[in-house]
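Have the structure at hand as you read.

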Amino acid sequence: SYTTDTKSREENKKTLESLYSLSVDITKIRRLKEWVLLQDVAYVKEIAGILQEMGADEPTVANIIERFPEAILHTPAEINSQRALWQLVCQNEKQLIKLIEQFPESFFTTEYHQNQKANILFFQELGLKNNIITRFLTSAPNIFYNPVEKNKNVIETLQRNYLNLGGSEANMKIWILKLLSQNPFILLNTSTAIQENLEFLQKNDFTDQEVLQLLSKLKGFIFQLNSTTMQKSMLFSKNIFKCSDQELKQLVLKCPALLYYSVPVLEERLEGLLKEGISIAQIRETPMVLELTTQIVQYRIKKLSALGYDIKSGNLESLNGTKKDFEVTYGKIQSKKERPIFNPVAPLHIED
């Protein structure tokens, strides 16, 4: 553990000299993590040497240290162990250096080395591809800090529930891998929370098949919710759309966001749509529009209005989807508008 009491300490001259020789911007470090410069022991040259061995040039080494100064406080042995570990899933050292430069904190967090190793091997056994595991290491590093038993437990709970809900043994592996790829943070939940959320859906009369459908549509985000927030969101939707329990269920299956977003988020999005002159009836017809932020909705309406498309009188399908989906829809409406009404090459039907 490093001391962060900076008042009575002086910067380590040896550390400063070593950093200067690597062209590291020391003012940047002073601003962000000055305490690093006060430590009695630092391994600047050694860590730089390991990074250079892997193929990093001087600007890359300087950039890594500036972005994550604590790197120089790790022993060469710790960093060589991390290097060997990450090589289990990286194609080559060129890719590894690129990842370290982009995500230095993930690489230089060495306290959980044994857990990281056990989890990497577990994910490989599970059938996750190495490129997915490297994505997890950089974007969701804390799932590797869990003891491997905890992650195994969550996966077993998911597998058991998948089969109990009528999923087939043949498809289970693909389902689990897809769920994990879409949302690795599922692993930060407890098995109990997962169980409770599934039971909540069943108590609300969703059939096993519908629960499975929701799990796939929600990309596992349902496991990060709790029954209280889901209950409130469903009640809010029921009141807004003035619908029966059965109708509400159909709306949720059509748009799982009604279950996933909290009441304040749904309120804000609804308000944004109503301000644009869109009716509740239109929203009920196409609830998926609530998956979009107010800013995205305003931007899309503006673009469509410029083409003379009146969203108030049409359906809301044209607003829906990802950015790519919207661009396709917009392109179709645009080309329709630009198409000439009179086709000069079509034969003229003139009565004698």
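## The largest pocket

In this predicted model, 17 residues line the largest pocket, and Lys217, Lys219, Ala257, Tyr261 and Glu291 lie nearest its centre. A pocket here is an open set of points on a 1 Å grid over the protein atoms alone, with protein on both sides within 12 Å along at least five of seven lines, and lining residues have an atom within 4 Å of a point. The volume of the largest pocket is about 540 Å³, where a volume is the space filled by probe spheres set on points joined across faces, edges and corners.

The lining of this pocket has nine nonpolar, three polar and five charged residues. Ala, Val, Leu, Ile, Met, Phe, Trp, Tyr, Cys and Pro count as nonpolar, Asp, Glu, Lys and Arg as charged, and the others, Gly among them, as polar.

## A cavity and Thr294

One cavity of 30 Å³ or more is found, a cavity being a set of grid points where a 1.4 Å probe fits but cannot get out. Its lining consists of Arg269, Gly272, Leu273, Val289, Leu292, Thr293, Thr294 and Val297. Helix 17 (263-275) gives the most, with three residues; helices are DSSP runs of H or I, at least four residues, numbered from the N terminus.

Thr294 belongs to helix 19 (residues 294-306). With 13% relative accessibility, Thr294 counts as buried, that is, under 20% relative accessible area with a 1.4 Å probe, protein chains only. Leaving out residues up to four places away in sequence, Thr294 touches Glu268, Arg269 and Gly272, with contact meaning heavy atoms within 4.5 Å.

## The nonpolar core

The largest nonpolar core holds 108 residues, and Leu51, Phe108 and Leu259 have the most contacts inside it. Such a core is a set of buried Ala, Val, Leu, Ile, Met, Phe, Trp, Tyr and Cys residues joined through side-chain atoms within 4.5 Å. Helix 11 (residues 169-182) supplies the largest share of this core, six residues.

## The whole chain

The protein chain has 20 helices and zero strands. Its radius of gyration, taken over C-alpha atoms, is 28 Å, well over the 20 Å of the globule rule (2.2 Å times the number of residues to the power 0.38) for 352 residues, so the chain is more spread out than a compact globule.

## Reading notes

Residues are numbered from 1 along each chain as its sequence is written. Local features need pLDDT of at least 70 and side-chain atom pairs pLDDT 80 or more, while totals for chains, interfaces and linings use all residues, and side-chain values use heavy atoms, without hydrogens and water.

Notes:
Buried means under 20% relative accessible area, exposed over 50%, partly exposed in between (1.4 Å probe, protein chains only). Helices (H or I, at least four residues) and strands (E, at least two) are DSSP runs, numbered from the N terminus.
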